[in-house]
Amino acid sequence: FDFLGRQFLIRETQEKDLPAITTIINSAYKMWNSIGFDKANETPDSIKPFALKDGHVVCDVEGKIIAAFNMRPIQPSCENGILSVSRAHKMDRSVLDESVITEKELLSFNLIYFYGLCVDPEYAQSGLGKTLFEVREKFARDNHFQGILFETGRDAKWLVEWYQRLGFVIIGNSNESICPLPLIMMLKKLT
């Protein structure tokens, strides 16, 4: 796609991309320090398990990695009152905001899970993150997904507001097990 008068390529992550992705992730984590999340110590080995999975992509401009994120299909399930979108991402169904989406709708929707969007600080506030999201949203629509789901830090107000401007609404608190921060789950319906 074309952005800022240059050609940008979205492609699958390769092992050779891990050092560049690590630098971008650690830069992005620095913003989270203000809400008590000090985790800017990722290494290529620590990100390898999730960065080389299906759905993880990078944005490449002239051979330089400037962004990375993941987007994969999910099928939510419910067991013992816990809504689950993956092994680690769960939400007590009692906190689901049914004015936004009912449990029945959520369980029947063809959803895509969006996570880990990190942009090189050189491109921060340039509109690249929004453009990347719009490219992936078009992919989701073209492939008949009914919604995009993701989680973010409840106290990361700047990020919650950014996603709300993109059309996301908060559907509840998440019980995600691998993050020490309180998280919220957000959804954008595409239908």
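Mentor: Let us begin with leucine 106, which lies in helix 3 (residues 103-108), where helices (H or I, at least four residues) and strands (E, at least two) are DSSP runs, numbered from the N terminus. Before going further, note that this is a predicted model, in which local features need pLDDT of at least 70 and side-chain atom pairs count only at pLDDT 80 or more, while totals for chains, interfaces and linings use all residues. Residues are numbered from 1 along each chain as its sequence is written, and side-chain values use heavy atoms, with hydrogens and water left out.

Trainee: Is leucine 106 buried or exposed, and how is that decided?

Mentor: A residue is called buried under 20% relative accessible area, exposed over 50%, and partly exposed in between, using a 1.4 Å probe and protein chains only. Leucine 106 counts as buried because its relative accessibility is 1%.

Trainee: Which residues does leucine 106 touch, leaving out those up to four places away in sequence?

Mentor: Contact means heavy atoms within 4.5 Å, and with residues up to four places away in sequence not counted, leucine 106 touches Pro76, Leu83, Leu96, Ile101 and Leu111.

Trainee: Where does threonine 22 lie, and what is it in contact with beyond its neighbours within four places in sequence?

Mentor: Threonine 22 lies in helix 1 (residues 18-32) and is buried, with a relative accessible area of 5%. Leaving aside those sequence neighbours, threonine 22 is in contact with Glu42, Thr43, Pro44 and Ile47.

Trainee: How should I read a sheet, and what is the order of the strands in the open sheet of seven?

Mentor: Strands of a sheet pair through backbone hydrogen bonds, either parallel or antiparallel. Two strands are taken to pair if DSSP finds at least two bridges between them. The open sheet of seven strands has the order 3-4-5-9-10-12-11, with mixed pairing, and its edge strands, each pairing on one side only, are strand 3 (9-12) and strand 11 (169-174). Strand 3 and strand 4 (residues 56-61) run antiparallel and are joined by four bridges, and leucine 9 stands opposite aspartate 60 in strand 4.

Trainee: What is the order of the open sheet of three strands?

Mentor: That open sheet has the order 6-7-8, with antiparallel pairing, and its edge strands are strand 6 (77-79) and strand 8 (90-92), each of which pairs on one side only. Three bridges join strand 6 to strand 7 (residues 82-84), and glutamate 79 stands opposite isoleucine 82 in strand 7.

Trainee: How many aromatic pairs are there, and by what rule are they counted?

Mentor: Rings of Phe, Tyr and Trp (its six-membered ring) pair if their centres lie within 6.5 Å, and planes under 30 degrees apart count as stacked, over 60 as edge-to-face and the rest as tilted. By this rule the count comes to nine aromatic pairs. One of them is the tilted pair of phenylalanine 150 and tyrosine 163, at 3.9 Å centre to centre with 40 degrees between the planes. This pair links distant parts of the chain, with phenylalanine 150 in strand 10 (residues 147-153) and tyrosine 163 in helix 5 (residues 157-165), 13 residues apart. Both phenylalanine 150 and tyrosine 163 are buried.

Trainee: Which residues do ring pairs link into a cluster?

Mentor: The cluster consists of Phe69, Phe114, Phe133, Phe150, Trp162, Tyr163 and Phe168.

Trainee: How many helices and strands are there in the protein, and what share of its residues count as buried?

Mentor: The protein has five helices and twelve strands, and 45% of its 191 residues count as buried.
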